[in-house]
Amino acid sequence: MGLIAKYIRRHFGIFMLSTFFLTMEAMADLLQPTFMSYIVDRGIRNAGIGQILAYGAAMLGIAAAGAFSAVMRNRFASRTSQTIGRELRQDMYRNVQRLSLENIDRLQPASIITRMTNDVAQIQDFINSMMRMMVKAPITCIGAIVLIMIQTPRQAPVMAVILLTVALLVMGNMRIGYPRFGMVQQRLDRLNGVSREFLSSVRVVKAFHAEEEETGKFEEASLGLAAANTLALRAMAVFSPLVNLTVNMGIVLLLWISRNQQSSEIGRLMASVNYMTQVLFAVTMISNTLNTAVRAAASSGRIREVLEEKPAQSVPAEPLTPEIRGDIRFEHVSFSYAGAGKASLRDIDIHICPGETVGIIGPTGSGKTSFVNLIPRFYDATEGKIWVDGCDVTKIDTKLLRSAIAVAPQKALLFSGTIMDNLRWGCAQAGEEEAIAAAKAACAHDFIRQTADGYDTLLGQGGVNLSGGQKQRLALARALLRKPRILILDDCTSALDARTESEVLKRLRQTAGDATVLLISQRISAVMRTDRILCLDNGRVRGFGSHKELLAVCRTYREIYESQIGGGENG
């Protein structure tokens, strides 16, 4: 719970104001039965109308003060809990942005989303209930017990037994409930993961008529969450009634012990019974708040894991700031994903010259994307070193490095907003003419003009109102608008027909200028006219040279060529 205390300290003033009004509210509640006993024992017994009116007026004043305090307490409690929730989400989001892809892979996106939403909501509920109840309940409970002992001293042993029994029940509830509520959050992660996977792949699911299979997976995850919730709530279902039973038995014992009470002390007996009811209410509040605390503690641990996650990549104390020209060297580089059984890249040792266009080809799973992901430091090499313009890539300022690189991925990722907004993701300061020029270079200008509002056309989430090829061309235009020194094209023309792809690549060579271009493609026609071609297979370099050279010496490249174009040609 140290994480929660840390954020509460940031708003200690408001927290103390809420506590002050909470104390005033509790004191007002405690005074009411005492004044009622005065009305009965003094006013009614003596038939003193003046005393009755005076004590009645005092009760009304105390009730008004209590109501005002309750309003102020709610206001400050809600404000504090919402502010802390917002700060938690912002801090988590900022830290997630600092993490490398290796960290994201380990934490899992679905789990991160759950922690930013449901887990933070659990913390908010706890802080709100704590500021509303956690202070009031002990004050009410202790105050009521003290006043019972003052009103009817013979009840002290009964109160001691009741408090001991209730304390044991509450401790048992927390001990059993904590691991169960932690399991609830894990099952919620699973449910969110299944939902996210289905929604991101809904077209494929429908195309293969796999709704029943996905429904089965969702039902399994939903049943798992329901089972975990049921297991956790069983503790509350057992302990809460036992607490109520214990306190109610105390009321019965109090009445039994006071069966011979003198008529002149009926008011005190009424007050004692009322105070016992307040003890029951306070204990119930404490029990409920502690149940919330158990959930909050489980959520706090999961949130702390995100906040304390350290980037897997080291940050140099004095980062280098070279002029990025596009000179890239892999020096005996090997790479494995965390938890992977085998290496994705093995002993890669090549040199790419500035301004060179290099095609990258190979069978599925050969390590093409892994290769280019190491250049902007999305991941770090497991072995060996990568040099960019003579500097170890791990020593270069990451912001400087990535500002000189643009990536057009195979799965084009677009954002909600206009087409122009999406293009300017590549360069926020770009003018309209520059954006149009980049769109023309990516063969996107013509279809953009045919949309309802041209460059001001609004795109749905992920560019849902565009075809796959259109989205790829926009992603390419966005990358070109950045005017990078290193341009990485990760099979970004896979959704284009051969004619359009040929035109895009032709314009690309004219637009890229002296930038270093790394072009990943499954099509031999896309890479055969590049300066050199890197052929990968099973994470190893099978060939690196021109189209003619690879046809002559690289069996893997020759097999790809013959399978797509046919034999009988030597380049």
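Biologist: What should helix H16 span at 1.5 Å a residue, and how far apart are its end C-alpha atoms?

Modeller: First, this is a predicted model, where local features need pLDDT of at least 70, side-chain atom pairs count only at pLDDT 80 or more, and totals for chains, interfaces and linings use all residues. Residues are numbered from 1 along each chain as its sequence is written, and side-chain values use heavy atoms, leaving out hydrogens and water. Helices are DSSP runs of H or I with at least four residues, numbered from the N terminus, and the expected span is 1.5 Å times one less than the number of residues. For the 14 residues of H16 (residues 468-481) that gives 20 Å, in agreement with the distance between the end C-alpha atoms, 20 Å.

Biologist: Is H16 enclosed or open, and how many of its residues are buried?

Modeller: Buried means under 20% relative accessible area, with a 1.4 Å probe and protein chains only. The buried residues include Lys 471, Arg 473 and Leu 480. H16 is largely enclosed by the rest of the structure, because the buried residues number twelve of the 14.

Biologist: At what angle do H14 and H16 pack?

Modeller: Axes are lines fitted to C-alpha atoms over the stretch in contact, and angles run from 0 to 180 degrees between N-to-C directions. The axes of H14 (residues 432-441) and H16 are 8 Å apart, and the angle is about 130°.

Biologist: Which residues of H16 does H14 meet?

Modeller: Contact means heavy atoms within 4.5 Å. From H14, Glu 434, Ala 435, Ala 438, Ala 439 and Ala 441 take part, and they meet Ala 477, Leu 480 and Leu 481.

Note on methods
Helix = DSSP H or I, 4+ residues; strand = E, 2+ residues; numbered from the N terminus. Buried < 20%, exposed > 50% of the residue type's maximum accessible area, 1.4 Å probe, protein only.
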